[in-house]
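Work through the exercises below with the structure in view. Each task is followed by a solution in steps.

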Amino acid sequence: MANCQPSSQFEDQSPQPSSSGHPLEVTVNEESPGPSSAPWASSCPLPPCPGWKRKWSVAFQEEVEDKTAAEAEDTWVVESLCGLKMKLKRHQVSVVLPEHHEIFKRMLEDPVIKRFLAWDKNLKVSDKYLLSMVIAYFSRAGLFSWQYQRIHFFIALYLANDMEEDNQAPKQSIFPFLYGKNRAQRPSFHRLRFQFIRSMGWKTRVTREECEKIQAFDPELWVWGRDRALLP
């Protein structure tokens, strides 16, 4: 009977024929970057050409070329070997750079963001994992560091809640901090959110492993203490 054993990770591995002359059977397990049934996917399909340009409105005032190098890349690793069967799994490689951490730390000094984080004492909208996703989204959006503003922080945080939270009501508390009692600005927020998602190439899924790597870059940063498990 053939023994099954895990294999160490390596990239771009092609299946090789076995010693018996029979080709290995390869099973592929893909980790999708996001649900295909996402509500924005049907209303605006992906651009047909990778060299497309997008024109930002309001907070996105510059026309910026899509930076494919800033998007997450996929690598294949061998998950297990069992006789003539080899199971492959696709992992998403994060491309979060130090500049994205600096953008995030600069955002934490914004007075409105500071008031919002102080208000969210129960961490319903801004625990450490949701805040880690903000940095991940900054890395995927492809904007220049000087282009990121307060609105981008709240758009990324709102999107993180979209992806991870079952209770969608708490994220609505973002709007009073952004716009006060003016509800007329909310449609503009959602248009910008849609553009932000599109700028990321629709890659909205962030794994727990990615979040922990982001936190490990600067483990002493005070927001990483926002852990729901430590709440009384």
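This is a predicted model: local features need pLDDT of at least 70, side-chain atom pairs count only at pLDDT 80 or more; totals for chains, interfaces and linings use all residues.

**Exercise 1. Describe the protein chain as a whole.**

Step 1. The protein chain has 7 helices and 6 strands. Along the sequence they follow the pattern β-β-β-β-β-β-α-α-α-α-α-α-α.

Step 2. Of the 232 residues in the protein chain, 44% are buried.

Step 3. Take the contacts between residues at least 6 apart in sequence: 75% of them join residues at least 24 apart.

**Exercise 2. State how α2 and α4 are arranged and which residues meet.**

Step 1. Two packed helices are described by the angle between their axes and the distance between the axes. For α2 and helix α4 (residues 150-164), the angle is about 30° and the axes are 9 Å apart. Axes are lines fitted to C-alpha atoms, for helices over the stretch in contact, and angles run from 0 to 180 degrees between N-to-C directions.

Step 2. The two helices, α2 and α4, are therefore roughly parallel to each other; the cut-off for this term is an angle under 35 degrees.

Step 3. From α2, Val-112, Ile-113 and Phe-116 meet Arg-150, Phe-153, Phe-154 and Leu-157 of α4. The residues of this contact divide into 6 nonpolar, no polar and 1 charged. Ala, Val, Leu, Ile, Met, Phe, Trp, Tyr, Cys and Pro count as nonpolar, Asp, Glu, Lys and Arg as charged, and the others, Gly among them, as polar.

**Exercise 3. Classify two aromatic pairs and say which parts they tie together.**

Step 1. Rings of Phe, Tyr and Trp (its six-membered ring) pair if their centres lie within 6.5 Å; planes under 30 degrees apart count as stacked, over 60 as edge-to-face and the rest as tilted. By this rule there are 13 aromatic pairs.

Step 2. The ring centres of Phe-138 and Tyr-148 are 4.7 Å apart and the planes are at 45°, so this pair is tilted. Phe-138 lies in helix α3 (residues 128-141) and Tyr-148 in the loop between α3 and α4, so the pair ties together parts that are 10 residues apart in sequence. Both Phe-138 and Tyr-148 are buried.

Step 3. Phe-175 and Phe-189 form an edge-to-face pair, with 5.0 Å centre to centre and 85° between the planes. Phe-175 is in helix α5 (residues 174-179) and Phe-189 in helix α6 (residues 186-199), so this pair ties together parts 14 residues apart in sequence.

Methods. Residues are numbered from 1 along each chain as its sequence is written. Side-chain values use heavy atoms; hydrogens and water are left out. Helices (H or I, at least four residues) and strands (E, at least two) are DSSP runs, numbered from the N terminus. Buried means under 20% relative accessible area, exposed over 50%, partly exposed in between (1.4 Å probe, protein chains only). Contact means heavy atoms within 4.5 Å. Angles under 35 degrees count as roughly parallel, over 145 as roughly antiparallel, 65 to 115 as roughly perpendicular and the rest as oblique.
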